[in-house]
Amino acid sequence: MAEAPRDLALIRDEKRASIVAQIPAGYSPTFHFVFPGLLGLSVLVASLLGIEALRPIELLAVPITLLAGFGFEWRAHKDILHKRMPLLGVLYERHELSHHVIYTDRDMAMKGPREMWLILMPPYAIVLVFFTLVLPLAVGLTYALGTNVAMLATATSMVFFLSYEWLHLAYHLPDEHPIARIGLVARLREHHRRHHEPRLMKRWNFNVTVPLFDWLHGTTWSPEREARRRERQASRQASRAPS
Ligand SMILES: [Zn+2]
Ligand SMILES: [Zn+2]
């Protein structure tokens, strides 16, 4: 027998409480927000200061790095955050088993600053990303295409990282928050809100910043798309039915 909605609500409340209880007692939301931000902005400024005698063609490093970022975000969200991969299981657990359990399409808002622990990547993530991805890429680019390209790619990757974090945080702010109501943020928020519908999360709307790769891979879910799919299904069934 199906459980009454009230029981389901109670079960969800209990799950929520047990996940929120995992937030360490000494957790500082201020540090969690400020540390990666300051570090990212410092690397960004230092990289820009390293640019000398820039040639216009080198500016192509900016859109190319952004494209790589959007593609990486789509792939990592789909295959690392929603599948248990060897050695990376902790990321799957944090994302699908905590973040997606606490926040569903019907209940997206954080209930207080301490819940940043459930939304932002851990504070050390930016250090890890810098040393494992950005720095090797910058060294390679310095040799292959020169310092300016490497510096622009580094600066852009920091813009991308911080945009991901801050936009994701904005999507989980209460609906009435002024940042959540900015036109573009509201549209991107809706894209992410749909991803949080439990039946859709493993297949649709993986981009968090710019939904370019959802568009390219045909993984953008919207009520309009669903209506069109149902229409096609109904017309196929009607054409198959004996007249
Ligand atoms: Zn989210
Ligand atoms: Zn997800």
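Student: Which residues does the UniProt annotation "transmembrane region" cover here?
Tutor: This is a predicted model, where local features need pLDDT of at least 70, side-chain atom pairs count only at pLDDT 80 or more, and totals for chains, interfaces and linings use all residues. Residues are numbered from 1 along each chain as its sequence is written, while chains are lettered from A and ligands numbered from 1 in the order in which they are written. UniProt positions use this numbering, and its annotations may be inferred rather than shown by experiment. In an unreviewed entry, the record gives residues 33-51, 116-139 and 145-164.

Student: What percentage of residues 145-164 is helix?
Tutor: Helices are DSSP runs of H or I with at least four residues, and strands are runs of E with at least two. The end C-alpha atoms of this span are 27 Å apart.

Student: Are α3 and α6 parallel or oblique to each other?
Tutor: Axes are lines fitted to C-alpha atoms over the stretch in contact, with angles from 0 to 180 degrees between N-to-C directions. The axes of α3 (residues 61-79) and α6 (residues 147-171) come within 9 Å and cross at roughly 40 degrees. Under 35 degrees counts as roughly parallel, over 145 as roughly antiparallel, 65 to 115 as roughly perpendicular, and the rest as oblique. So the pair is oblique.

Student: Which residues of α6 meet α7?
Tutor: These helices pack at about 80 degrees, with axes 9 Å apart, and are therefore roughly perpendicular. Contact here means C-beta atoms, placed from the backbone, within 7 Å. On the α7 side (residues 183-195) sit Val-185, Leu-188, Arg-189 and His-192. Facing them from α6 are Leu-167, Ala-170 and Tyr-171.

Student: Is Ile-19 exposed, partly exposed or buried?
Tutor: Ile-19 is found in helix α1 (residues 5-20). Buried takes 20 or more other C-beta atoms within 10 Å, exposed takes 12 or fewer, and partly exposed is in between. Ile-19 has 17 such neighbours, so it counts as partly exposed.

Student: Which residues does Ile-19 touch, leaving aside neighbours within four places in sequence?
Tutor: Arg-193 is 174 residues away in sequence and 20 Å away in space, C-alpha to C-alpha. The contacts of Ile-19 are Ser-98, Val-101 and Ile-102.

Terms used: Two residues are in contact if their C-beta atoms, placed from the backbone, lie within 7 Å.
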